[in-house]
Amino acid sequence: MAGAAGAPKSGDVKAWAARLKVKGMDGLVASVRNGLNAMPPGGLCNSCSDEDHVALISYMAAAEHADF
Ligand code: HEM
């Protein structure tokens, strides 16, 4: 099951691994920076750096998330 407008969901390890394998982290960061289909450029975060996006992608791609 995908997230908003077909976005890969946080913690969906398989979905993220597949994208990382095809495009690599640099490619995924470029997708966020430029936007991709239904994803707006910068993921709507205009103040985020590439490093911030790497951190966010790493978080979303990981299986274990803190349960606040
Ligand atoms: C800073 C926040 C965000 C980050 C870091 C992020 C990251 C990503 C990444 C890395 C992908 C995979 C791109 C690829 O396969 O090349 C993706 C896909 C996607 N994201 Fe985001 N995203 C963010 C915010 C958003 C927002 C705000 C939306 C919607 C309003 C969104 C919607 C989508 C959609 C629809 C896809 C699937 C695009 C496709 O494969 O057609 N994302 N996101």
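In which segment is Pro-8 found? Pro-8 is found in the segment before H1, where helices (H or I, at least four residues) and strands (E, at least two) are DSSP runs, numbered from the N terminus. This is a predicted model, in which local features need pLDDT of at least 70 and side-chain atom pairs count only at pLDDT 80 or more, while totals for chains, interfaces and linings use all residues. Residues are numbered from 1 along each chain as its sequence is written.

**Pro-8**

- Pro-8 is partly exposed, because 17 other C-beta atoms lie within 10 Å (a residue is buried with 20 or more other C-beta atoms within 10 Å of its own, exposed with 12 or fewer, and partly exposed in between, the C-beta atoms being placed from the backbone).
- Not counting residues up to four places away in sequence, Pro-8 touches Ala-2, Gly-3, Ala-15, Trp-16 and Arg-19, where contact means that the C-beta atoms, placed from the backbone, lie within 7 Å.
- Although Pro-8 and Met-60 are 52 residues apart in sequence, they are 8.6 Å apart in space, C-alpha to C-alpha.

**The two helices**

- H1 and H2 pack with their axes 10 Å apart and at an angle of about 170 degrees (axes are lines fitted to C-alpha atoms, for helices over the stretch in contact, and angles run from 0 to 180 degrees between N-to-C directions).
- That angle makes H1 roughly antiparallel to H2, a term that applies to angles over 145 degrees.
- By class, 11 nonpolar, one polar and two charged residues form the contact of H1 with H2 (Ala, Val, Leu, Ile, Met, Phe, Trp, Tyr, Cys and Pro count as nonpolar, Asp, Glu, Lys and Arg as charged, and the others, Gly among them, as polar).

**Around the ligand**

- Of the 23 residues around the ligand, those that come nearest are Ala-7, Ser-31, Asn-37, Met-39 and Gly-43, a residue being near if its C-beta atom, placed from the backbone, lies within 6 Å.
- Helix H1 (13-34) and helix H2 (50-61) are the elements that give two or more residues to this shell, and the largest share, six residues, comes from H1.

**Two loop residues**

- Most residues other than glycine have a negative phi.
- Asn-37, in the loop between H1 and H2, has a positive phi of about 50 degrees although it is not a glycine, and it counts as exposed because it has 8 C-beta neighbours inside 10 Å.
- Leu-44 is also found in the loop between H1 and H2; its phi is positive, about 70 degrees, and Leu-44 is exposed, with 10 other C-beta atoms within 10 Å.

Conventions: Two residues are in contact if their C-beta atoms, placed from the backbone, lie within 7 Å. Angles under 35 degrees count as roughly parallel, over 145 as roughly antiparallel, 65 to 115 as roughly perpendicular and the rest as oblique.
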